[in-house]
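Hi,

Here is the structure I said I'd pass along.

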Amino acid sequence: MHIFLYGPSGSGKSTIGKALARSLKLPFVDSDQLIETNAGMTILEIAEAQGMSKVRDLESAALKELVGHAFSVTNTEKPGGWSTEAVIALGGGALLRDENRALVETHGKVILLTAELPTLIERLQNDPNERPLLAGDLKSKLTSYLEGRAEHYASFPLKICVDEKSPEQISREIQTLLGRHHLSAMGEYDAIVGNVGHAFSMTSLQNPIIVTDENVAKFHLEKIQSIFNAKSVIVPAGEEHKNLETISFLWKSFLENGLDRKSTVIALGGGVVGDMAGFAASTYMRGIDWIGIPTTLLSMVDASLGGKTGFDLPEGKNLIGSFHPPKLVIADPSLLLTLTERELRSGMAEVVKHGIISDPELFAMCTRGMDWVKNNLEEVVKRAMAVKIQVIEEDPYEKGIRAKLNLGHTVGHAVELVSKFNLRHGEAIAIGMVAEAKYSARVGLASQSTVDAITDSLSALGLPVHIPEEMPRAEIIRAMRVDKKKNAQSIRFALPVEIGNVELVNVTDLEEVLED
């Protein structure tokens with residue numbers, strides 16, 4: 001599906017379109033440039049010689065040409081070839097005709113770029129391109145232009161305000177709005193929020209195999225098998241089976257099903273399935289491709305992204321693993337409708353965490369409770385996924401800021417382990433976030449109001465916020481000491497400072513962290 005950028009003159013469609021195309025590794029096309037190339041004249045010359053009606057006719061012809069066109073991708077960082085998708089900048093009146101609008105909305109998504117009048121005037125005054133509808137007194141013509149198209153522009157549901165933002169910032173906002181990203185810091189792959197059948201655009205995979213667990217298989221395996229025409233292997237459900245025995249079973253299953261180095265593993269499930277299938281793929285025949293189709297909220301917004309794969313030892317979680325990013329991640333919110341209430345709540349802990357790290361607006365959404373979340377799952381997934389993607393793209397191998405994603409996890413992993421996994425991952429992380437927030441306040445980083453906001457948000461979602469009284473603190477501390485984030489003398493914590501800001505701190509006194 002194409003991405004069409006639309007809006008008034010001066011809203012930056014071409015500049016933003018080029019930035020967006022670079023980020024998504026897609027071709028970029030300016031429809032006005034195509035019109036001028038086809039006509040051998042500028043838009044202004046066409047309007048002066050033949051009138052605006054002729055310009056509109058040429059716009060219609062150009063749109064019909066574009067939506068059915070295959071674009072060369074040699075101008076991107078992808079390997080040479082062709083793409084049926086592009087980022088397309090439209091003229092400011094290209095969709096005034098109903099047939100034009102129907103055509104583009106059938107073949108893609110339209111993003112309306114909006115700006116305040118002073119922003120548009122400043123940009124147009126410095127723009128060398130001449131626009132026939134704005135000739136003369138720019139301010140009065142532009143004011144009239146906007147008033148005449150106000151109702152038309154308001155009718156587009158997907159809008160981005162461009163005032164005081166860089167093209168790169170706007171590009172990120174558009175990607176979040178669409179739920180579409182291209183990651184490249186650790187291997188090249190797309191992460192897409194949308195229907196699995198629509199999002200999967202590859203024509204075929206060679207001898208694919210689906211790895212899922214016995215719970216997910218009951219609900220989703222048949223549908224995914226039909227989409228990918230794949231075999232399957234089913235593993236026992238639960239964190240307690242995330243071990244070397246299950247990994248060995250996967251390796252043997254790959255051999256029995258004839259997988260070779262050109263085969264693809266499809267991980268269908270939550271974080272446990274993704275971690276194990278990804279690790280088995282990373283080590284089978286020295287590494288084969290895999291695709292992630294997460295089926296839990298937690299895995300959609302966190303575990304499926306970033307390329308971390310692995311399994312547990314009795315001493316701790318994820319102590320054995322590798323960095324092996326997938327070739328594609330498809331997060332289909334409709335797959336969440338079969339989750340239990342407890343599992344959905346558990347996933348919201350990671351969403352809250354992402355809000356605390358860098359998205360106060362997402363955090364505010366979390367305070368609205370589970371009823372709001374259930375009615376807005378797609379928006380929740382898109383915003384939370386965008387937070388993690390931005391962090392891991394800046395620091396793919398956890399050399400610096402990626403460690404912020406460990407907020408709540410140092411205490412949380414230990415609590416989860418000591419509970420013998422009777423606590424779900426998200427429940428343990430919620431407990432960990434509150435414990436670490438309280439410690440942050442005690443050492444003077446966070447205010448009490450920040451601690452209260454975090455506690456109240458998690459409580460509003462029905463998540464636990466206290467370490468169970470019966471859980472031995474000594475065992476929790478012992479589990480924390482073997483945590484993978486430790487160094488020789490201390491453990492690095494990601495501590496909240498305020499909503500939207502987390503600081504990395506090395507801590508030596510673990511007993512103090514658990515004080516209440």
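The buried residues of α11 are covered by, among others, β10 (209-213), β11 (231-235), β12, α12 and β14 (308-313). Covering here goes by contact, meaning heavy atoms within 4.5 Å. Helices (H or I, at least four residues) and strands (E, at least two) are DSSP runs, numbered from the N terminus.

Before going on, a word on the source: this is a predicted model, where local features need pLDDT of at least 70 and side-chain atom pairs count only at pLDDT 80 or more, while totals for chains, interfaces and linings use all residues. Residues are numbered from 1 along each chain as its sequence is written, and side-chain values use heavy atoms, with hydrogens and water left out.

Back to α11 (residues 244-256): this helix has 13 residues and reaches 18 Å from its first C-alpha to its last, close to the 18 Å expected at 1.5 Å a residue (the expected span is 1.5 Å times one less than the number of residues). Which of its residues are buried? They are Thr246, Ile247, Leu250, Ser253 and Phe254. Seen down the axis of α11, these buried residues fall within an arc of 120 degrees, so they line one face of the helix. Buried means under 20% relative accessible area, exposed over 50% and partly exposed in between (1.4 Å probe, protein chains only); the arc is that of the directions from the helix axis to the C-beta atoms. The face turned away from the buried side of α11 carries the exposed residues Glu245, Lys252, Leu255 and Glu256. Just after α11, Gly258 takes a positive phi of about 75 degrees.

**Helix α3**

In α3 (residues 43-50), the buried residues are Ile43, Leu44, Ile46 and Ala47. Viewed down the axis of α3, they fall within an arc of 165 degrees, so they line one face of the helix. Glu48 and Ala49 are exposed on the other side of α3. Cover for the buried residues of α3 includes α2 (31-39) and α4 (52-67). Gly51 follows α3 and has a positive phi, near 90 degrees.

**A cavity**

The structure holds four cavities of 30 Å³ or more. On a 1 Å grid over the protein atoms alone, a cavity is a set of points where a 1.4 Å probe fits but cannot get out, and lining residues have an atom within 4 Å of a point. Grid points are joined across faces, edges and corners, and a volume is the space filled by probe spheres set on the points.

The second largest cavity has a volume of about 60 Å³. Its lining includes Trp290, Ile293, Pro294 and Ser304. β13 gives the most to that lining, with four residues.

**Some loop residues**

Asp395 is in the loop between α17 (377-394) and α18 (409-418). At 7% relative accessibility, Asp395 counts as buried. Leaving out residues up to four places away in sequence, Asp395 touches Gly400, Ile401, Arg402 and Ala403.

Arg286, in the loop between α12 and β13, has a positive phi near 65 degrees without being a glycine. Arg286 is exposed, with a relative accessible area of 78%.

Cheers

How values were computed:
1 Å grid on protein atoms, 1.4 Å probe; cavity = no way out; pocket = protein on both sides within 12 Å on 5 of 7 lines; lining within 4 Å.
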